[in-house]
Amino acid sequence: FLAVVLLVSKVLVCWCTNDVETAFMAIDLGFLTFLGWLCLLAFRATPMAVLHPFLIELGSAVIMEEMLFSMVLINKIKPDLGHKVTKDFLVHHIASAIMGWLALYFCARAPGTGFVGVGMIGTEVTTFLPVAFRESVRSKKVSTNKKISATLGLLFPLAFCWRTYWSGSLWLRLLGVGRNYFATLAPSAMNRVLWRAGEASVLTVVGSNVAWTCRILRGSMKVVTKHRTGKKLDQQHFQKEIE
């Protein structure tokens, strides 16, 4: 229900504005930042484990909502926008959707799955950084304002290094949960296959995080190198990163 409310809200706001991409990214940013921190709290606070199924279902539904909006609705709202979905977006979101719905399925079947599920959703607290970077490129402040470029150059790689480390550690934790589930509860053949699919989907999300982090680190190194040599930052280079 909440995902539908979010979708309807985005459609209305984007229908009423000229800057459609910034509008829908800002809406996603606010929702996912709140959801991400709530999930990290639910991961740390054992009494909040009762919320795990709800939070995982909400996160999974929002992933589906994002895909529907980005792949279908946004270009119907503004046909001349020509918004394109990148391959890394598709891989990450499809894997996240599979991961989320399987985490919900196993939440009551394999003890410990809920903690991994909300922990993975918690990585969405970094959502504000790609949006901030995109806006800094569009305003050209990333290449003209040293404070902004330095702030993004510090926070962006640090946050995504944490995101990669955190998601990787959760994948390892999931393997342990799976070993215990197989050994103690003797799941059916179908559940064994579904569990392996869930492990593969989490690993795919981790791989996406690794790829993004490497890309961010390369970009940050270019910025640092140019600052040291006194060369001007190339606006065209940044523009290509957000297209």
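In these legends, contact means heavy atoms within 4.5 Å.

**View 1. Ser-201 and its partners in a predicted model.** Everything shown here comes from a predicted model. Start with Ser-201, which sits in helix α9, the run of residues 189–229. Leaving aside neighbours within four places in sequence, Ser-201 is in contact with Ala-95, Ile-98 and Met-99. Is Ser-201 buried or exposed? Its relative accessibility is 5%, so Ser-201 counts as buried.

**View 2. Asn-191, another residue of helix α9.** Asn-191 is found in α9, and with a relative accessible area of 10% this residue is buried. Which residues does Asn-191 touch, once its neighbours within four places in sequence are set aside? They are Tyr-105, Phe-106, Arg-109 and Tyr-181. Take a moment to look at Tyr-105: it lies 86 residues from Asn-191 in sequence, yet their C-alpha atoms are 9.7 Å apart in space.

**View 3. Helices α1 and α3 side by side.** Helix α1 covers residues 2–16 and helix α3 covers residues 52–77; their axes come within 8 Å and cross at roughly 30 degrees. Angles under 35 degrees count as roughly parallel, and α1 and α3 are therefore roughly parallel to each other. Their crossing is right-handed.

View 4. The crossing of α1 and α2 is right-handed. On the α1 side the contact is made by Leu-6, Lys-10, Val-13 and Cys-14, and on the α2 side by Val-20, Ala-23, Phe-24, Ile-27, Asp-28 and Phe-31. What classes of residue make up the contact of α1 with α2? There are 8 nonpolar, no polar and 2 charged.

**View 5. Helix α5 against helix α8.** The axes of α5 and α8 come within 10 Å and cross at roughly 165 degrees, which means that α5 is roughly antiparallel to α8. The crossing of this pair is left-handed. Thr-113, Phe-115, Val-116, Gly-119 and Met-120 of α5 meet Trp-166, Ser-167, Leu-170, Arg-173, Leu-174 and Val-177 of α8. The contact of α5 with α8 divides into 7 nonpolar, 3 polar and 1 charged residues.

**View 6. Helix α6 and the residue Lys-140.** Helix α6 spans residues 128–138, and its buried residues are Leu-129, Val-131, Phe-133, Arg-134, Ser-136 and Val-137. Lys-140 follows α6. For background, most residues other than glycine have a negative phi.

**View 7. The loop between helices α8 and α9.** Ala-186 is in the loop between α8 (146–185) and α9, and its phi is near 45 degrees, a positive value in a residue other than glycine. The relative accessible area of Ala-186 is 59%, so this residue is exposed. Ser-188 is found in the loop between α8 and α9 too; at 38% relative accessibility, Ser-188 counts as partly exposed. From Ser-188 to Asn-209 is 21 residues in sequence and 32 Å in space, C-alpha to C-alpha.

**View 8. Confidence along the predicted protein.** The average pLDDT of the protein is 89, and 91% of the residues score at least 70. Where is confidence highest, and where is it lowest? Helix α5 (residues 113–121) is highest at 97, while helix α10 (residues 235–242) is lowest at a mean of 48. Over residues 237–243 the pLDDT is below 50, and this stretch has 14 contacts in the model beyond near neighbours in sequence. Please bear in mind that where pLDDT is low, the predicted coordinates should not be read in detail.

Definitions and conventions:
Residues numbered from 1 in each chain as written. Predicted model: local features only at pLDDT ≥ 70, side-chain atom pairs only at ≥ 80, totals over all residues. Heavy atoms only, no water. Axes fitted to C-alpha atoms, helices over the stretch in contact; angles between N-to-C directions. Helix = DSSP H or I, 4+ residues; strand = E, 2+ residues; numbered from the N terminus. Parallel < 35°, antiparallel > 145°, perpendicular 65-115°, else oblique. Left-handed = near helix turned anticlockwise from the far one by under 90°. pLDDT = per-residue confidence, 0-100. Buried < 20%, exposed > 50% of the residue type's maximum accessible area, 1.4 Å probe, protein only. Nonpolar A, V, L, I, M, F, W, Y, C, P; charged D, E, K, R; others polar.
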